[in-house]
Amino acid sequence: MAGESSPPDRRALIVLAWLWVGAPLGYGLYELVLKAEQLFTG
């Protein structure tokens, strides 16, 4: 076990990746709701 090293901590990378995908997705869903509201309410 002396030669084994623990894997690098990738929590920051995972959070960054989720933000990279989640921010545009959230904005797109927000815009979709606004457009759908305009479509159905006139």
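This passage describes the fold, surface and side-chain contacts of a predicted protein model.

Because the model is predicted, local features were taken at pLDDT of at least 70 and side-chain atom pairs at pLDDT 80 or more, whereas totals for chains, interfaces and linings use all residues. Residues are numbered from 1 along each chain as its sequence is written, and side-chain values use heavy atoms, with hydrogens and water left out.

The protein contains one helix and zero strands, where helices (H or I, at least four residues) and strands (E, at least two) are DSSP runs numbered from the N terminus. The helix, α1, covers residues 11–41. From its first C-alpha to its last, α1 reaches 43 Å over 31 residues, close to the 45 Å expected at 1.5 Å a residue; the expected span is 1.5 Å times one less than the number of residues. A kink of about 25 degrees is located at Gly22 in α1, shortly before Pro24, the bend being the angle between axes fitted to the seven residues ending at a residue and the seven starting there. After α1 comes Gly42, with a positive phi near 95 degrees.

Of the 42 residues in the protein, 0% are buried, and the count of buried residues within α1 is likewise zero; buried means under 20% relative accessible area, exposed over 50%, and partly exposed in between, with a 1.4 Å probe and protein chains only. The accessible surface of the protein amounts to about 4,400 Å², of which 70% belongs to carbon and sulfur atoms, as given by the Shrake-Rupley method with a 1.4 Å probe.

On this surface, Leu25, Leu29 and Leu32 form a nonpolar patch with about 300 Å² of accessible area together. Such a patch joins nonpolar side chains (Val, Leu, Ile, Met, Phe, Trp, Tyr) within 5 Å, from residues with over 30% relative accessible area and no salt bridge. Leu32, which lies in α1, is exposed because its relative accessible area is 53%.

One salt bridge was counted, defined as a side-chain nitrogen of Lys or Arg within 4 Å of a carboxyl oxygen of Asp or Glu. It links the side chains of Arg11 and Asp9 at 3.1 Å, N to O. Asp9 is placed in the segment before α1 and counts as exposed because its relative accessibility is 58%; Arg11 is exposed as well.

Notes. Patch = residues over 30% accessible without salt bridge, like charges linked within 9 Å, V, L, I, M, F, W, Y side chains within 5 Å.
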